[in-house]
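Subject: Structure handover and findings

Hello,

Here is the structure for you to look over. Please open it alongside this note.

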Amino acid sequence: MNVHKNARLTPSGRALLSDRVACGWTVKAASAAARVCEIEALRRERLTGAAIAGRLGMARSTVGLVLRRLSPGRLANFVKPGVTLRVAPRQLRVFPL
């Protein structure tokens, strides 16, 4: 199967969705959980809420609600391994090791 990088469901995503429905989740709850995973993955790529909403075709307010619930706004949650984060009173810099 030829899957492009912006595909909503890859074969593994379809398997996860069908497993959730088979375990008793409603289709609505399973698809909502899949969208939350997509939003979180895009946020980990350091996209803004507006950029995530545009890419997924969702309202910015909906993406904002999900992001607030996940609370991934803290930079420490998204610092890549091998990077030192130094915080000065007026500056925020990331220095590679």
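Below is what was found, starting with the ground rules.

This is a predicted model, in which local features need pLDDT of at least 70 and side-chain atom pairs count only at pLDDT 80 or more, while totals for chains, interfaces and linings use all residues. Residues are numbered from 1 along each chain as its sequence is written, and side-chain values use heavy atoms, with hydrogens and water left out.

Overall layout

The protein has four helices and two strands. Both are DSSP runs, numbered from the N terminus: helices are H or I with at least four residues, strands are E with at least two. Along the sequence the order is α-α-α-α-β-β. Of the 97 residues, 18% count as buried. Buried means under 20% relative accessible area, exposed means over 50%, and partly exposed lies in between (1.4 Å probe, protein chains only). Take contacts between residues at least 6 apart in sequence: 28% of them join residues at least 24 apart. A contact here is heavy atoms within 4.5 Å.

H2 against H4

Helix H2 covers residues 27-44 and helix H4 covers residues 60-70. They pack at an angle of about 75°, with axes 10 Å apart. Axes are lines fitted to C-alpha atoms, for helices over the stretch in contact, and angles run from 0 to 180 degrees between N-to-C directions. H2 is therefore roughly perpendicular to H4. The angle classes are: under 35 degrees roughly parallel, over 145 roughly antiparallel, 65 to 115 roughly perpendicular, the rest oblique.

From H2, the contact uses Val36, Ile39, Glu40 and Arg43. From H4, it uses Val63, Val66, Leu67, Arg69 and Leu70. Six of these residues are nonpolar, none polar and three charged. Nonpolar covers Ala, Val, Leu, Ile, Met, Phe, Trp, Tyr, Cys and Pro; charged covers Asp, Glu, Lys and Arg; the others, Gly among them, are polar.

H3

Helix H3 spans residues 49-56, and Ile52, Ala53 and Leu56 are buried there. Seen down the H3 axis, the buried residues fall within an arc of 100°, so they line one face of the helix. The arc is that of the directions from the helix axis to the C-beta atoms. The cover over these residues includes H2 and H4. Gly57 follows H3 and has a positive phi, near 70°.

Salt bridges

How many salt bridges does the structure hold? There are three. The criterion is a side-chain nitrogen of Lys or Arg within 4 Å of a carboxyl oxygen of Asp or Glu.

- Arg35 with Glu38: the closest N and O atoms are 3.1 Å apart. The two are three residues apart in helix H2, so about one helical turn separates them. Arg35 counts as buried, at 18% relative accessibility.
- Arg44 with Glu40: the N to O distance is 3.3 Å. These two are four residues apart in H2, so again about one helical turn separates them. Arg44 is partly exposed at 44% relative accessibility, and Glu40 is partly exposed at 28%.
- Glu45 with Arg55: the closest N and O atoms are 3.9 Å apart. Glu45 lies in the loop between H2 and H3 and Arg55 in helix H3, so the pair ties together parts 10 residues apart in sequence. Glu45 is exposed, at 52%, and Arg55 is partly exposed, at 47%.

Best wishes
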